[in-house]
Amino acid sequence: MMKRTLLIAAAVLGLSAPAFAAGETPVPPQLKWSFQGPFGKFDRAQLQRGFKVYREVCASCHSLNYVAFRNLHQPGGPEFSEAQVRALAAEYKVQDGPNEAGDMFERPGRPADRFPAPFPNENAAASANGGKAPPDLSLMPKARTYERGFPWFITDVFRQYSENGADYVTALLTGYEEAPQGFTVPQGGHYNHYYPGHVIAMPKPLSDGQVEYPKNEAGQPQVPETVDQYARDVTAFLTWTAEPHLEARKRLGFQVILFLLVLSGLLYFTKKKVWARVGGEVEGHATPPMTHNP
Amino acid sequence: MSDHPTTYVPKSAFGKWFESRLPIAGLIHSSFIAFPVPRNLTYFWTFGAILVFMLVAQIVTGVFLAMYYTPNAGMAFQSVEHIMRDVNYGWLIRYLHANGASMFFVAVYVHIFRNFYYGSYKAPREVLYILGVIIFLLMMATAFMGYVLPWGQMSFWGATVITNLFSAIPLVGETIVSYLWGGYSVGNPTLNRFFSLHYLLPFMIAGVVILHIWALHVPGQNNPTGIPIKSGKDAVPFTPYATIKDIFAVVVFMIFFAYWVFYMPNYLGHADNYIPANPAVTPAHIVPEWYFLPFYAILRAIPDKLGGVIAMGSAIVIWCFMPWLDTSKVRSTAYRPLYKQFFWIFVIVCFLLGWLGSRPAEGWYVIASQICTAYYFAHFLIILPVLGFVERPLPLPNSILESVMGVQKGGAGIPAGANAEPHSKG
């Protein structure tokens, strides 16, 4: 315990070297998202495509523990039909029980069930993935970010830039490349341009043409079946899983602020009228003459 | 509150009967209706009302959150996500509460620096002021424990770092830490006691707030001129004049609050706190919430654990001595040309400390933190006492009225038939 206390003390006092210098990791590009800004909304088609990417690619290793099948139907999300959600849930086997005999049993999934995880527990996930369990994806774009630095962290407030997590996740998914000369990637690691320290355990998950997208009348995919598009779509989907009430939040925010603006206007004029009884408001102090007391 | 003779006369028979048994209506009348308010208060004086609003808002949203939150190390994170996803408007209540803490600190810092600028801490308001410092310390403890409750990575590691600071105390340090933890590391017992205390402390804050307001109603409010109310013409009754102004200011503050809640709800938090607590993985940088950053910078500026803890504690405790460290006879900085410059340098140093607190403790950041820390203490221990002797203040106006309308309006004063009844004393 003493040793641990000392370690933590060292960390607090900044005596330990940081794991990596922040400057080395490149800054992800800022993309255009349908859900950014005060009136942002998810693109339903994009969320549905993103879900397809999650299901066919990510889901083999990554859980989505906080999301239930029924969420896919609720307003503000991918808005699959109720029948689609029911059919989808039924494709999964869910463990239930104990039954009257006291046994656990498997049954087809129902909309109220959460997405079954690919591994029974964290140790199983870790042992199947080279010693490190793949993280749950439910909150990913809210749980990741990148350093903004001065003065951008101030301007972000005014332009409502809160898609840093989404930009980072997309950059990461598209950031696999050959390690530069002289960079040795350790065994079991993969080089990623945007991952802090560049060595990531996850192998390149996406490749062009991997997931089939819905076709238009001409038989062509509605959007290109490329790594870049897959990354954007699955990031949009994960932004929804991280913040399922994003649309409701922004909509209510506009109403609330509009109401408060009107109310504050009314209060302002009420206040003026009240203060007129004593000859109007006088605030502060007269600017004192810049002469000193004798 | 009892200092002002009440003009309250109950009208109904029941009112008379009740007032002779519990004179609460008279107390409210003298404290919040007839109470004389300097007529030249600026919007900086509305932050008291804004802070009362924030305290109530935090308690109300917190009570609702506690109905759904589970203070268990294995379930806390999940229960917060349950609130965010499945509870009707749970996301709204939680974002109001999480951002409300930040808004509370925004308001309290404006309130504190207004007090520094206008010398509100000076006699006869020392007790009022020290009660305010106590409220601030309680707020810090409450906010810190509240941030631990979601049991994310920054919750866990923030709790580990901050509770470990107590181990620097000689002899009893380790014992204190194990009592804080309820064991030998941050874990489920820590979370349980932090939840309990996080629910308790706001009510203690409310208690001290009552004392703070009580102490305010004895000498009355300071004002931008720093000179006391001398005649009824210097003042207006609290209601309706201050009441309507406070309500207006609170609503404007609510717009500011709403902007964060609805459009940038996670900006003031840390992404790491959306990762469940993991004792085996330390985040790259453990950073406290923004409102603790200046103090965190002071802590890390001292290259010795105990020294750092003492410096951080002193950075706030030293505020309590300001009424005696400031030797100037003049309250308002408006009449203190030299101090005005040092005041703004001090503000800049505090912002710099805040920024440095967010940086990793390495390279020139450490040296800059040390310089700023030295200046921070020099402001209180050298600049404040010395300035009172060397500074020649500007001439003070004879009265509040003279300052704000005397010269320009030829001493118009309160027009005839105005509603402001004269008050015998301030």
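**Reading a two-chain model**

Trainee: How should I judge whether B:N223 is buried or exposed?

Mentor: Count the C-beta atoms around it: a residue is buried if 20 or more other C-beta atoms lie within 10 Å of its own, exposed if 12 or fewer, and partly exposed in between, with C-beta atoms placed from the backbone. B:N223 is buried because 28 other C-beta atoms lie within 10 Å. Before we go on, note that this is a predicted model, where local features need pLDDT of at least 70, side-chain atom pairs count only at pLDDT 80 or more, and totals for chains, interfaces and linings use all residues. Residues are numbered from 1 along each chain as its sequence is written, and chains are lettered from A and ligands numbered from 1 in the order in which they are written.

Trainee: Where does B:N223 lie, and which residues is it in contact with?

Mentor: Two residues are in contact if their C-beta atoms, placed from the backbone, lie within 7 Å. Helices (H or I, at least four residues) and strands (E, at least two) are DSSP runs, numbered from the N terminus. B:N223 sits in the loop between α9 (188-217) and β2 (235-237) of chain B. Apart from neighbours within four places in sequence, B:N223 is in contact with B:P38, B:N40, B:L41 and B:I400. B:N223 and B:W45 are 178 residues apart in sequence, yet 8.2 Å apart in space, C-alpha to C-alpha.

Trainee: How is chain B divided?

Mentor: Domain bounds come from an automatic or database domain assignment. That assignment gives domain 1 (22-286) and domain 2 (288-399). The centres of these two domains of chain B, taken over C-alpha atoms, are separated by 22 Å. Between them, 30 residues of domain 1 are in contact with 24 residues of domain 2. On the domain 1 side, α6(B) gives the most, with 7 residues.

Trainee: What is a nonpolar core, and which residues touch the most other members of the largest one?

Mentor: In soluble globular proteins, nonpolar side chains tend to be buried together. Here a nonpolar core is a set of buried Ala, Val, Leu, Ile, Met, Phe, Trp, Tyr and Cys residues joined through C-beta atoms within 7 Å. The largest has 76 residues, of which B:I50, B:F104, B:A107 and B:A297 touch the most other members. Helix α5 (residues 90-117) of chain B supplies the largest share of this core, 13 residues. Domain 1 and domain 2 of chain B both give residues to this core, so it lies between them. A second, separate core has 42 residues, including A:A89 and A:W240.

Trainee: How many residues of chain A are in contact with chain B?

Mentor: 50 residues of chain A are in contact with 61 residues of chain B. On the chain A side, α9(A) gives the largest share, 16 residues. As for chain A itself, it has 9 helices and 4 strands, and 29% of its 294 residues count as buried.

Trainee: Where does pLDDT stay under 50 in chain B?

Mentor: pLDDT is the predictor's confidence in each residue, from 0 to 100. In chain B it stays under 50 over residues 1-5 and over residues 407-426. The mean pLDDT of chain B is 92, and 93% of its residues reach 70 or more. For the complex, the predictor gives an ipTM of 0.91 and a pTM of 0.91.
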